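My notes follow in the order in which I looked.

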Amino acid sequence: MYIKDMSLHFESVNHKNRKEIEHLEIFPEQAGWIETTSDCMREADQSSLWRPVGIYDDDMLIGFAMYGFFPEPLPGQVWMDRLLIDKRFQGKGYGRQAALALLDRLRTEYTSDTVYLSVYGYNANAIRLYQQIGFSFNGERDTKGEYVMEYHFPPYSDSQQQEQSPPGK
């Protein structure tokens, strides 16, 4: 069953929602595909480059994502590094909607035209989802042996460019 009227938004992880986010669960057979949210939070605590966020449908926590901008290699890279939908909400279209909403957020938040992510080759569902929304493999692997995928934003039209520019520009 797909959820028709999703109202997805992201909230930064903070002292109020962290414990609930750290209790999100995936199915046991997915355990090797993504780090736990607790592991992600420890990683984010160690580097201010990461932006961990809860994914909400209205006021209901349904997942977690972590992204960031890394200055090396030049000119820097935007990574959509983690995307997790709690097992209670998988199979309802949330993963696709969350990925698309996160891409919108990354385009607004950063000036990069390219977003990177990495995925294990045996995670067929994730690969299919990412390819359907426009990611493609770039032939590289990350430090954990995961395959790197890229998404290239289409160029802004003139009207979109004006909307993105600050007033007076």
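I took helices (H or I, at least four residues) and strands (E, at least two) as DSSP runs, numbered from the N terminus. With that in hand I looked up F137, and I found F137 in strand β6, residues 136-141.

Before going on I noted that this is a predicted model, in which local features need pLDDT of at least 70 and side-chain atom pairs count only at pLDDT 80 or more, while totals for chains, interfaces and linings use all residues. Residues are numbered from 1 along each chain as its sequence is written, and side-chain values use heavy atoms, with hydrogens and water left out.

**F137.** I used buried for under 20% relative accessible area, exposed for over 50% and partly exposed for in between (1.4 Å probe, protein chains only). Taking contact as heavy atoms within 4.5 Å, and leaving aside neighbours within four places in sequence, I listed V119, I127, Q131, Y147, V148 and M149 as the contacts of F137. For M149 I also noted a C-alpha to C-alpha distance of 4.2 Å from F137, although the two are 12 residues apart in sequence.

**Whole chain.** I counted five helices and seven strands, and along the sequence they run β-α-α-β-β-β-α-β-α-β-β-α. Of the 169 residues in the chain, 40% are buried. Among contacts with a separation of 6 or more, I found that 60% are between residues 24 or more positions apart.

**Helix α3.** This helix covers residues 94-109, and its 16 residues reach 22 Å from first C-alpha to last, close to the 22 Å expected at 1.5 Å a residue; the expected span is 1.5 Å times one less than the number of residues. Which residues of α3 are buried? I found Y94, G95, A98, A99, L102, L103, L106 and R107. As a reminder to myself, an α-helix has 3.6 residues a turn, so residues three or four places apart point the same way.

**Largest pocket.** On a 1 Å grid over the protein atoms alone, a pocket is an open set of points where a 1.4 Å probe fits, with protein on both sides within 12 Å along at least five of seven lines, and lining residues have an atom within 4 Å of a point. The largest pocket is lined by 40 residues, and L83, N123, A126, L129 and Y130 lie nearest its centre. The elements that give two or more residues to this lining are β4 (77-85), α3, β5 (114-119) and α4 (124-132), and β4 supplies the largest share, with seven residues.

Leaving aside neighbours within four places in sequence, D86 is in contact with H23, L24, E25, I62 and G63.

**Backbone entries.** In the loop between β3 (60-70) and β4 I found P73, and the peptide bond from E72 to P73 is cis, with omega near -5°. P75 is found in the loop between β3 and β4, and a cis peptide bond, with omega about 5°, joins L74 and P75. I then turned to D58, in the loop between β2 (50-57) and β3, where phi is near 55°, a positive value in a residue other than glycine. D58 counts as partly exposed because its relative accessibility is 45%.
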